[in-house]
Amino acid sequence: MNRRGIISAGLATLTVGCKPASSSRGPADKGLTRENRWARTFSVREHAGFKVVEFTAQVVAWGGAAQGGVQRRRVVLAPKAGPAPHLTGDLAGAAVVRTPVERIAVNYAPQEAMLVQLGVADRLVAVGGINSYDDDIRARARRGELLQVGYGWHSAPALDVLIASRPDVFFMAQIDPSHSSHLERIQAMGVPVVPFFLSNEPHYMGQVEYIRLVGLLTGREAEAEAHIRQVAERVEGLKTAAAARPRRSALHSWWMGGDAFMAIVRNGEAMLMRDANLEVVMGQPDDARHDSSIRLGTERLLADGRDAEFWIARDPHGRPFPDRQVLQQFKAWREDRVFAVDGRIKQRADAYDIWHTGPIRPDLLLADYVKMANPDLVPGPFTFLSLDRQTRPA
């Protein structure tokens, strides 16, 4: 898959906590660190008159391991209404973003979804391209009202476009390790950059918590916290309902052509399946230093996946595996339990909501997984999943 929630979990457990930061700077400079519940790639430290966002992550290649050293970035958020902060010590030279931001450039679909969720998508001045799942954003990009910096999974940001769009901030998705060096060049041109390490969050709710950062930047903190709380409450309800039913097994693997398949084995995407009380076939321990998927051949897929009760066999771009003799060896295929992630697609626009809204609404995919194994627990139609009639003809 291109990488490229019903019952209360309790408001108290969801409230962002504060504790003294571990900084050794003077008492007036210690600040308070907001603790995220799930996100591990960023933290927010509050000082008098400004906030400091710290990013720490390693970019992980798709289907592979972490590449390059650990990236550490520091961004200072200072209200426009107040004076510019005098930054010294470990904050000297940090990028400063005056808030609330009014002009925003992005290069990743989930960033658009966060702005839409917070009601500030009208502040966009540049996007990745013209393939947005959001009709209004896509139309504005096609009319030339929004400039195009290039999608983060395809190319490094177009520097001339960023300069021309004059954003208050650029949300730069950190997906391809080879693009990381462009961050310094962009900031050197006077465009403040906020890196997004969404794909490096080990827990799927960590991606949801990134909307807190967007809320801080846009002045929509209350709306962001409400979104996180609502998703978390639905996730807890679904997990509780699924846990009361017998555990089932599921294989999530799609064909890449020839003898090559990819399979979900760990981290956030496998965690969603486990939270639906599904045994992840070929599952491995979670490890933030490795991607959620692995590459494998047909022989291993048959050896480990033939007895899986369910098989999620395609993503929106995936082609059906054509070898019927091989397919007949899988229990899920014989029992008509092969599914595809092909809901909410705008084919003519080449736009897919699983990669737009999906990262900030993991409850929707979790509900689909629960419904796949226990249809009576989730009323109504699937959101992203459906029986795959291309791999398993009716």
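Two strands pair if DSSP finds at least two bridges between them. Helices (H or I, at least four residues) and strands (E, at least two) are DSSP runs, numbered from the N terminus.

## Two hairpins in a row

With that in hand, let's start at strand β3. β3 pairs with strand β4 (residues 50–57) in the antiparallel sense, over 6 bridges. Glutamate 46 stands opposite lysine 51 in β4. The two strands make a hairpin with 2 residues between them, and glycine 49 in this turn has a positive phi of about 95°.

β3 (residues 42–47) also pairs with strand β2 (residues 32–35), again antiparallel, over 3 bridges. Here threonine 33 is the residue opposite arginine 45 in β3. The hairpin from β2 to β3 runs through 6 residues.

## About the model

This is a predicted model, in which local features need pLDDT of at least 70 and side-chain atom pairs count only at pLDDT 80 or more, while totals for chains, interfaces and linings use all residues. Residues are numbered from 1 along each chain as its sequence is written, and side-chain values use heavy atoms, with hydrogens and water left out.

## The parallel sheet

Next comes an open sheet of 5 strands, paired in parallel and ordered β9-β8-β7-β10-β11. Its edge strands are β9 (147–148) and β11 (193–196), each of which pairs on one side only. Within the sheet, strand β7 (residues 104–106) and strand β10 (residues 169–173) run parallel and are joined by 3 bridges. Valine 106 stands opposite phenylalanine 171 in β10.

Helix α6 packs on this sheet and touches β7, β10 and β11 (contact means heavy atoms within 4.5 Å). The direction of α6 makes about 165° with that of β11. For such values, axes are lines fitted to C-alpha atoms, for helices over the stretch in contact, and angles run from 0 to 180 degrees between N-to-C directions.

Leaving aside neighbours within four places in sequence, arginine 220 is in contact with Leu118, Gly119, Val120, Arg123 and Gly215. Leucine 118 is 102 residues away along the chain, yet its C-alpha atom and that of arginine 220 are separated by 6.6 Å.

## Helix α12 and its partners

Helix α12 packs with α7 at an angle of about 15°, the axes being 9 Å apart. The two helices are therefore roughly parallel (angles under 35 degrees count as roughly parallel, over 145 as roughly antiparallel, 65 to 115 as roughly perpendicular and the rest as oblique). On the α7 side, Val231, Arg234, Val235, Leu238, Lys239 and Ala242 meet Pro362, Asp363, Leu364, Leu366, Ala367 and Val370 of α12. These residues divide into 9 nonpolar, no polar and 3 charged (Ala, Val, Leu, Ile, Met, Phe, Trp, Tyr, Cys and Pro count as nonpolar, Asp, Glu, Lys and Arg as charged, and the others, Gly among them, as polar).

Helix α8 (residues 267–275) packs with α12 (residues 362–373) at about 50°, with axes 9 Å apart, so α8 and α12 are oblique to each other. Leu272, Met273 and Asp275 of α8 make this contact with Pro362, Leu365, Leu366 and Tyr369 of α12. By class, the contact has 6 nonpolar, no polar and 1 charged residues.
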